Amino acid sequence: MPSPLTVDKDYKQKIKNYLNELYHIEVRDSYDCKVLSDRIFAAKGLRISLSTVRRFYGLVKYTGAHSKYVLNQLAIAIGFESYEIFEKHTNKYDVNSINQKIQLYRSNYEKYRIDLVDLLRLMQFRDWENAYQIQGIISAAILKKDIDLLKEIVSFDFCSSNVNVDEFLPIVFQEFYFAGLCQNDFVISFVEQWISESYNLQRYLLQSYVDESQLNGFIGSWLNAVKNEMVPDLTLFKMLLLTQEAYNNRKRNTSIRYYNKSIKFFNNAKYYIHPILKARISAWSIILDINDKLFYNIIKELNDFNEVADFCVILSRLLWTYNKIEFLQFLDEKKLEKFPVVKTYFEKGRYNILKLSLSINYYLDDNFNKAKLLFEQVDKSTFGYDIVNLDFYSKWIDVLNENLYKEG
């Protein structure tokens, strides 16, 4: 029988980080170990015993070594074929090693581009660390105006890793948005040229960083550049933003025309419609004074807290921006009373903005005690993907700061 293996502490910590990310748990005690064991079994069909998990996390005394079987099971639980492959991956994709490759690329991008392309192709995209590594590569490629490397990245199939990448990838592609915001003509032009051929640019850039203040700017240019919709709901998304763009430009009839097209796509959809799109179509049905029943029908169907949160945050902001700055009854419903445990970065930002929206709503109803209670729970520096609406929320934070703390 093979001798137990002593695991390098950095490798062990990396496995723990993967388990934390993949199974949404931070192990502190034996109960957490049981929850983790159950979640691994539910996701992978692997039965890793409670005693094994407790030993791995150092909650019981043991020698510090683990059998190869146990290490293989843990490696499989985090998406690798074996512990040996996990070790090779960790050695190959050491953070400092990747940074060195980026440094070499920046010193001579034509010579060392192939190293970053190979790195991208071989990387098993799994966690936030990988996301920031690729973000660093994109930043370097933008700096060098390296179209060839950027094309490789925007066309890469990140979903092949069998990990839920939707949380990570908007962070990967954020450099394109912020470069556009800084009027980087190279980036704006690159995205315009390639967005019709890139699922990643359509899904993780255009649909993740919906900066409505730029509908007449680079966001509008990217939107209009999409001739081949690779994301199922992109046509509906596009029609709704064109509704808003026309309204911004005081073209009410054009806005109504786009809204009517949106309704057709909405009613005929054979795909899942995200609550954010449901919020947008509800908002414009009210703002354009076309169909107030649509809003009531949609909100009745929403039960999951995340769906309700997405819907309420987007709808309230649009109504306060384009309709009336007044108390909104739907934000005072019982389904918003109990917040679930935050599991993802997106949820952290969205729940925070939901609390701010609820505080604004109570303030508008002159219920200053409730407004203040919620406002004190808001992290004033956490906006998640609502960073694109920073101006709107910053102004309200200033208003609440000024008016909720007046003496007397």
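Residues are numbered from 1 along each chain as its sequence is written, and side-chain values use heavy atoms, with hydrogens and water left out. Because the model is predicted, local features need pLDDT of at least 70 and side-chain atom pairs count only at pLDDT 80 or more, whereas totals for chains, interfaces and linings use all residues.

Helices are DSSP runs (H or I, at least four residues) numbered from the N terminus. Two packed helices are described by the angle between their axes and the distance between the axes. Here the axes are lines fitted to C-alpha atoms over the stretch in contact, with angles from 0 to 180 degrees between N-to-C directions. The axes of helix α19 (residues 305-322) and helix α20 (residues 345-364) come within 9 Å and cross at roughly 50 degrees. That angle makes α19 oblique to α20, the class left once angles under 35 degrees (roughly parallel), over 145 (roughly antiparallel) and 65 to 115 (roughly perpendicular) are set aside. The α19 and α20 crossing is left-handed, meaning that the near helix is turned anticlockwise from the far one by less than a right angle. Contact (heavy atoms within 4.5 Å) is made by residues including F305, V313 and W320 of α19 and F346, Y351 and L364 of α20. By class, the contact of α19 with α20 has 12 nonpolar, 4 polar and 3 charged residues, where Ala, Val, Leu, Ile, Met, Phe, Trp, Tyr, Cys and Pro count as nonpolar, Asp, Glu, Lys and Arg as charged, and the others, Gly among them, as polar.

Helix α19 also holds R317, which counts as buried at 3% relative accessibility (buried is under 20% relative accessible area, exposed over 50%, and partly exposed in between, with a 1.4 Å probe and protein chains only). With residues up to four places away in sequence not counted, R317 touches E212, R280, N389, F392 and Y393.

For helix α11 (residues 174-181) and helix α12 (residues 185-194), the axes come within 8 Å and cross at roughly 125 degrees, and α11 and α12 are therefore oblique to each other. Their crossing is left-handed, and the contact is made by F176, A179 and G180 of α11 together with V187, I188, F190 and V191 of α12. These residues divide into 6 nonpolar, 1 polar and no charged.

A search of the whole structure finds 0 disulfides, a disulfide being a pair of cysteine sulfur atoms within 2.5 Å. Among the cysteines, C33 is buried, with a relative accessible area of 0%, whereas C182 is exposed at 64%.

Key: Helices (H or I, at least four residues) and strands (E, at least two) are DSSP runs, numbered from the N terminus.
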